[in-house]
Amino acid sequence: MSVPITPDNLTVPRKAVAGKPSLIGLGRDAMREALIAMGTPEKQAKMRVGQIWHWLYFKGVTDFGLMTSLSKAYRAELAEIFTLERPEIVTKQISKDGTRKYLLRIAGGHEVEVVYIPEKNRGTLCVSSQVGCTLTCPFCHTGTQKLVRNLTAGEIVGQILVARDDLNEWDNTPFDKRKLSNIVLMGMGEPLYNLDNVRDAMKIAMDPEGISISRRRITLSTSGVVPEIARAGEEIGCMLAISFHATTDEVRDTLVPINKRWNIEALLEGLRSYPRLSNSERITFEYVMLKGVNDSDEDAHRLVKLIDGIPAKINLIPFNPWPGSPYERSEWKRIEAFGDIVNAAGYASPVRRPRGEDIMAACGQLKSETERGRKSRKQIAEEAGL
Ligand code: SAH
Ligand code: SF4
């Protein structure tokens, strides 16, 4: 059955484009049901799911024909009914620091960006959850692109599959040798406005018989959709990062407009009751350093006062500019001074080193290529004489 796309249902129906539903993105139970619906005997269905799962998420095959533990006839039947389509890589750019940015095309011809960041002891994939964003944080490039649609679970997990294809990381890479060891939901979009699909995709990513990335190596970043925060903790159990960015409601109303709906007090109250709050699973507070806007000593003092009692670390993010962006990055000395105050109050305050700046892959610089040419809000405002 095809589902109409309405503003309340922004996820494109599975069958809409390819004509066939994809097996990628179905959880184990949903896959079992799909196999039974196609005629697989109920008694065999669980075993078949196990076999197919292994091929899809452990071996990374893209063709039913390669699933040699299944009979030829069964493989043909599967291929008749389902696809294994992944998002298609349109362009791949590699930064001089090794960061890779992929522009992926998904059903409907839409595009999303995914970034792979290699580090010494780990490799992090920055995954997108939406095409564009409903929110309009004025320092964020994605925020200038209005929401086109939510990604399906298959498209979210598909970003991991595509990256593992490109990194040639299938089969049995021992975990300590993995190039892709961590996931951050910090790409395009607000993951808590697409929580069901994000959850289904992360459950697949965490499954020990497949991609097998532990929940502690997955971080979901939210601008503060307070009513969904606890559910993310309960249903995914991953690490949580909050885009805090300001220490008064007045400034946060501007920088993170969702603050007008759930203000600093409501957000902190929500976090204090976060089900996974503990010293071993601290919440990360992300704080973008904007020159003259939120980077004073007073801000630093207010910040530590506000979060008092919450096991936290504070991640200082030097602002990453993009064409037409209306802010400037704080001076390094200012960032250090801010960090010192936070540190003295007992919080770790690592400064996030900008990665992939030369290919516009750093935090907050993502935007679909087709949208890039469009004017920024600042340009539009200037041209209108505002
Ligand atoms: N929508 C989610 C996740 C995506 S943004 C959220 O807002 O949390 C990931 C992080 O990058 C957020 O903390 C966001 O505020 C930050 N960010 C956005 N634009 C940025 C920019 N231009 N420079 C630095 N960080 C930015
Ligand atoms: Fe959306 Fe996050 Fe960018 Fe704000 S910072 S516009 S919530 S992607």
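Author: The elements named below are DSSP runs numbered from the N terminus, with helices (H or I) of at least four residues and strands (E) of at least two. This is a predicted model, in which local features need pLDDT of at least 70 and side-chain atom pairs count only at pLDDT 80 or more, while totals for chains, interfaces and linings use all residues; side-chain values rest on heavy atoms, with hydrogens and water left out. Residues are numbered from 1 along each chain as its sequence is written, and chains are lettered from A and ligands numbered from 1 in the order of writing.

In the shell around ligand 1, at least two residues come from each of β8 (218-222), β10 (283-289) and β11 (312-318). A residue is near a molecule if one of its heavy atoms lies within 4 Å of it, and of the 21 residues around ligand 1, those that come nearest are Phe139, Gly189, Ser221, Ser243 and His245. By class this shell holds 10 nonpolar, 9 polar and 2 charged residues, where Ala, Val, Leu, Ile, Met, Phe, Trp, Tyr, Cys and Pro count as nonpolar, Asp, Glu, Lys and Arg as charged, and the others, Gly among them, as polar.

Gly189 brings a backbone N or O atom to 2.8 Å from a nitrogen atom of ligand 1, and Ser221 has a polar side-chain atom 2.6 Å from an oxygen atom of the ligand. For Glu286, a polar side-chain atom lies 3.2 Å from an oxygen atom of ligand 1. Taken alone, ligand 1 exposes 540 Å², and the protein buries 95% of that, with areas from the Shrake-Rupley method and a 1.4 Å probe.

Ligand 1 sits in the largest cavity, and ligand 2 also sits in the largest cavity; a molecule counts as sitting there if more than half of its atoms lie within 2 Å of the grid points. On a 1 Å grid over the protein atoms alone, a cavity is a set of points where a 1.4 Å probe fits but cannot get out, a pocket is an open set with protein on both sides within 12 Å along at least five of seven lines, and lining residues have an atom within 4 Å of a point. Points are joined across faces, edges and corners, and a volume is the space filled by probe spheres set on them.

The volume of the largest cavity is about 510 Å³. Its lining has 30 residues, of which Phe139, Cys140, Met186, Ser243 and Gly364 are closest to the centre, and the elements that give two or more residues to it are β8, β10 and β11. That lining divides into 16 nonpolar, 11 polar and 3 charged residues.

Around ligand 2 stand Cys133, Leu135, Cys137, Cys140, Gly143, Gly189 and Ser223, a shell of 4 nonpolar, 3 polar and no charged residues.

Note on methods
A polar contact is a pair of N or O atoms within 3.5 Å; within protein, one must be able to donate a hydrogen and the other to accept it, and residues adjacent in sequence count only if both atoms are side-chain atoms.
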